[in-house]
Amino acid sequence: MELYNGRPQDVSGRTEKEIRVYDYLDDLSISYSRLDHAPAFGSETELCEEIERSLGAKICKNLFLANRQRTKFYMLMIPEHKVFKSSDISKQAGSSRLHFAESEYMEELLGCTPGSASVMGLIYDTDHKVQLLVDDEVINAEYVGCHPCINTSSLRISSEDIFKRFVESTGHDFIVVHAE
């Protein structure tokens with residue numbers, strides 16, 4: 001796997017949502033490295049480990065959650081080795097018991113499908129219906145690995161650029177949580 005700086009020179013065959021992520025990052029002058037790969041799902045441990053080694057950053061789990069009434073939505077960014085415990089994260093988020101939200105909400109609010117959920121999807125949440133939750137280990141890492149709303153590429157971006165520049169530019173904020 002080869003690591004590239006910035007967007008692909010040839011965007012043919014790339015999805016509109018992926019290109020929009022590159023455009024957005026470029027407009028903010030945020031530096032990023034990109035790795036193209038086979039579709040990656042969290043259950044494919046060997047591929048994910050190879051991607052992380054090549055990328056030089058851990059790719060965190062991005063869990064799309066909702067309260068029981070489906071009136072509040074959350075994206076939780078946690079390291080791969082940590083476990084989502086609903087009661088712990090719900091309390092820290094100040095919400096009723098959180099659970100996994102249906103994929104149609106993820107597509108509608110973040111422009112992502114299961115397996116490609118990403119903080120980059122916040123560019124599609126123009127009504128600010130999704131609250132970002134970030135594990136303290138992720139926010140303190142030097143780099144964040146994430147998908148550009150498609151799971152056939154991964155990006156390495158400095159945590160500072162993600163949480164101080166990117167998230168702020170989308171009009172969102174985030175709550176720091178601690179998962180076990």
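**Salt bridges and their surroundings**

Modeller: Happy to. A search of the whole structure finds eleven salt bridges, a salt bridge being a side-chain nitrogen of Lys or Arg within 4 Å of a carboxyl oxygen of Asp or Glu. The model is predicted, so local features need a pLDDT of at least 70 and side-chain atom pairs count only at pLDDT 80 or more, while totals for chains, interfaces and linings use all residues. Residues are numbered from 1 along each chain as its sequence is written, and side-chain values use heavy atoms, with hydrogens and water left out.

Let's begin with Asp26 and Arg7, a salt bridge whose closest N and O atoms are 2.7 Å apart. This pair links distant parts of the chain: Asp26 sits in helix α1 (residues 16-27) and Arg7 in the loop between β1 (3-5) and α1, 19 residues apart. Helices (H or I, at least four residues) and strands (E, at least two) are DSSP runs, numbered from the N terminus. Both partners are partly exposed, Asp26 with a relative accessible area of 33% and Arg7 with 27%. As for the wording, buried means under 20% relative accessible area, exposed over 50%, and partly exposed in between, using a 1.4 Å probe and protein chains only.

The next salt bridge joins Arg34 to Asp36, the closest N and O atoms being 3.2 Å apart. Here Arg34 is buried, at 4% relative accessible area, whereas Asp36 counts as partly exposed at 24%.

Lys82 and Asp136 meet through their side chains in another salt bridge, 3.6 Å from N to O. Lys82 lies in the loop between β4 (73-78) and α3 (86-93), and Asp136 in helix α5 (residues 136-139), so the pair ties together parts that are 54 residues apart in sequence. Lys82 is buried, with a relative accessible area of 7%, and Asp136 is partly exposed at 24%.

Glu18 brings us to α1. This helix has twelve residues and reaches 16 Å from its first C-alpha to its last, close to the 16 Å expected at 1.5 Å a residue; the expected span is 1.5 Å times one less than the number of residues. Buried in α1 are Glu18, Ile19, Val21, Tyr22 and Leu25. These residues cover an arc of only 155 degrees around the axis, which puts them on the same side of α1; the arc is that of the directions from the helix axis to the C-beta atoms. The face turned away from that buried side carries the exposed residues Glu16 and Asp27. Among the elements that cover the buried residues of α1 are β2 (33-36), β8 (153-158) and α6 (159-169), where contact means heavy atoms within 4.5 Å. After α1 comes Ser29, with a positive phi near 55 degrees.

Strand β7 (residues 143-146) pairs with β8 in the antiparallel sense over four bridges; two strands pair if DSSP finds at least two bridges between them. Within this pairing, Gly145 has Arg156 as its bridge partner in β8. The two strands form a hairpin with six residues between them, and Cys149 in the turn has a positive phi of about 65 degrees.

The whole open sheet holds four strands in the order β1-β2-β8-β7, with antiparallel pairing. β1 and β7 stand at the edges with a single partner strand each, so one side of each is left without a neighbour in the sheet. From one strand to the next, the twist averages 25 degrees. α1 packs on this sheet, touching β2 and β8, and its direction makes about 15 degrees with that of β8. α6 packs on the sheet too, touching β7 and β8, but its direction makes about 80 degrees with that of β8. For these angles, axes are lines fitted to C-alpha atoms, for helices over the stretch in contact, and the angles run from 0 to 180 degrees between N-to-C directions.
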